[in-house]
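Here's a quick tour of the strands and sheets in this structure.

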Amino acid sequence: MRIPRLFLPALWLAALLAVAPARARSAENGEIVSVAKREFLARGLGRKGLDLLMEKNGKIYIVASPGDLAALFAARVPFSRETDRFFPFDQTGISPSGGLNGAYHSTLELETDLRVLERDYPQLAKVVELGETLEKRKIYALKISDNVSLEENEPAVLFVGCHHAREWISVEVPFLFGKYLLENYAGSPEVQDLVNRSEVWIVPIVNPDGLEYTIHVYRYWRKNRRFNADGSYGVDINRNYAYQWGYDNVGSSPGPASDIYRGTAPFSEPEADAVRRLFLSRNFRAMISFHSFAQDILYPWGYVNAPTPKEAELDAIARTMSGLIAAVRGTVYAYGRAAGLLYTTNGDTVDWVFGVSGIPGFTIELPPVDVEHGGFFNDEAAIDAIFRENLPAMLYLTDYAIQHPSSPAVRALEWARRLLSPPRLKFFGRIDKAP
Ligand SMILES: [Zn+2]
């Protein structure tokens with residue numbers, strides 16, 4: 001007789017517990033599971049706010065929280081545990097000498113490296129504290145400009161990483177860009193010109209609490225570490241921004257245990273609020289939010305598959321950046337409207353940035369292209385090559401910001417909006433949609 005073992009709680013629990021001691025995961029953290037695609041579609045699981053990892057060979061892979069597992073179990077959805085198939089990647093390419101996180105930055109290592117840059121380039125680099133997380137860690141930005149201590153109201157460009165804790169490569173690319181600008185300022189007229197005419201703001205780790213959790217407890221953690229009312233942990237910071245926050249329950253989830261939980265209110269989370277305050281305080285003209293993985297360049301909208309009024313401009317910039325990236329060593333980054341190329345997301349950073357300012361904003365999903373090539377795990381030896389292939393696109397976007405300063409009329413409107421807007425936008429949620 002065939003034993004429907006996935007439906008036997010005792011065996012299922014035993015299997016869960018058997019892997020638990022290896023890496024303090026499972027009981028609190030969940031499992032990677034697969035569901036047959038026909039089952040997935042028949043049960044409408046695409047609308048349940050699950051954290052989808054990939055589709056392969058007729059199966060949908062899901063990073064399932066304990067709540068998700070319980071729900072799948074209660075609904076008698078047949079699923080298979082796949083966690084052990086993925087965890088070998090955990091140790092790939094990480095040298096023991098670098099600690100658990102190898103050459104990737106921990107929060108403390110990043111702070112140290114930012115302060116070293118500030119010390120070595122005092123005229124050009126300044127470490128700024130943007131805010132504090134729930135676990136009392138600081139969120140740091142590195143401001144790079146000539147006369148860095150002065151307020152010059154130059155066109156500013158924003159590069160952020162690590163909204164999602166497990167996307168470690170997204171810390172390294174913006175950090176290395178800042179380091180590159182500073183180290184090459186003296187020797188490269190091109191870099192000197194860009195830095196002299198702009199302000200480059202780099203926030204490598206938006207989510208330090210989540211990042212530390214991925215290093216020390218559970219490598220697949222995505223959200224921040226908010227303790228939710230139902231006893232679960234975490235809000236998806238990249239669903240917590242105000243523009244079309246909670247537009248539907250597909251692009252974000254109202255369920256606290258979900259990996260795409262949007263929080264109790266727009267900007268309820270200190271991490272998203274820190275980015276908001278920085279963004280509204282400067283004359284930002286372009287931005288990139290780095291994530292991984294997929295090799296995509298995504299522009300708004302994300303909340304609905306419809307064009308913004310600047311679709312043609314955004315598409316042209318994305319096409320140019322994709323071409324610049326491919327020219328370095330042939331890596332192909334697809335580009336397109338976020339909701340069309342990826343899936344719908346509401347309350348994300350780039351929709352908000354575009355929604356309140358109309359400037360070109362992009363999500364770049366860094367390598368690898370899929371989970372079979374490592375998923376959230378890039379060999380640390382690949383960090384520099386991934387940065388190098390993104391460098392020309394980042395330089396191009398910085399130059400684009402300089403070439404496209406806002407007109408005096410637009411700037412006057414922006415100043416008026418800043419002066420008139422209340423200190424927090426959170427109470428305005430859906431209204432917050434101009435221009
Ligand atoms: Zn992400």
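This is a predicted model: local features need pLDDT of at least 70, side-chain atom pairs count only at pLDDT 80 or more; totals for chains, interfaces and linings use all residues.

Residues are numbered from 1 along each chain as its sequence is written.

**Some terms first**
- Strands (E, at least two residues) and helices (H or I, at least four) are DSSP runs, numbered from the N terminus.
- Two strands count as paired if DSSP finds at least two bridges between them.
- In general, strands of a sheet pair through backbone hydrogen bonds, either parallel or antiparallel.

**The eight-stranded sheet**
- This open sheet runs in the order β5-β6-β8-β7-β9-β12-β10-β11, and its pairing is mixed.
- β5 (125-132) and β11 (334-337) sit at the edges with a single partner strand each, so one side of each has no neighbour in the sheet.
- On average, neighbouring strands here are turned by 20° against each other, direction ignored (axes are lines fitted to C-alpha atoms, for helices over the stretch in contact, and angles run from 0 to 180 degrees between N-to-C directions).
- Helix α13 (residues 383-403) packs on this sheet and touches β7 (156-160), β8 (199-203), β9 (284-292) and β12 (361-366); contact means that C-beta atoms, placed from the backbone, lie within 7 Å.
- The direction of α13 makes about 160° with that of β9.

**Who pairs with whom**
- β5 and β6 (residues 138-144) are antiparallel, with seven bridges, and Ala125 stands opposite Ile144 in β6.
- β6 and β8 also run antiparallel, joined by three bridges, with Leu142 opposite Ile202 in β8.
- β7 and β8, on the other hand, run parallel and share five bridges.

**A closer look at β8**
- Five of the five residues of β8 are buried, so the rest of the structure largely encloses this strand (buried means 20 or more other C-beta atoms within 10 Å of a residue's own, exposed means 12 or fewer, and partly exposed is in between, with C-beta atoms placed from the backbone).
- Side chains in a regular strand alternate between the two faces of the sheet.
- In β8, Glu199, Trp201 and Val203 point one way, while Val200 and Ile202 point the other way.

**The four-stranded sheet**
- Another open sheet has the order β2-β3-β1-β4, with antiparallel pairing.
- Its edges are β2 (51-56) and β4 (80-81), each with a single partner strand, so one side of each lacks a neighbour in the sheet.
- β2 pairs with β3 (residues 59-64) in the antiparallel sense over five bridges, and Lys56 stands opposite Lys59 in β3.

How values were computed:
Two residues are in contact if their C-beta atoms, placed from the backbone, lie within 7 Å.
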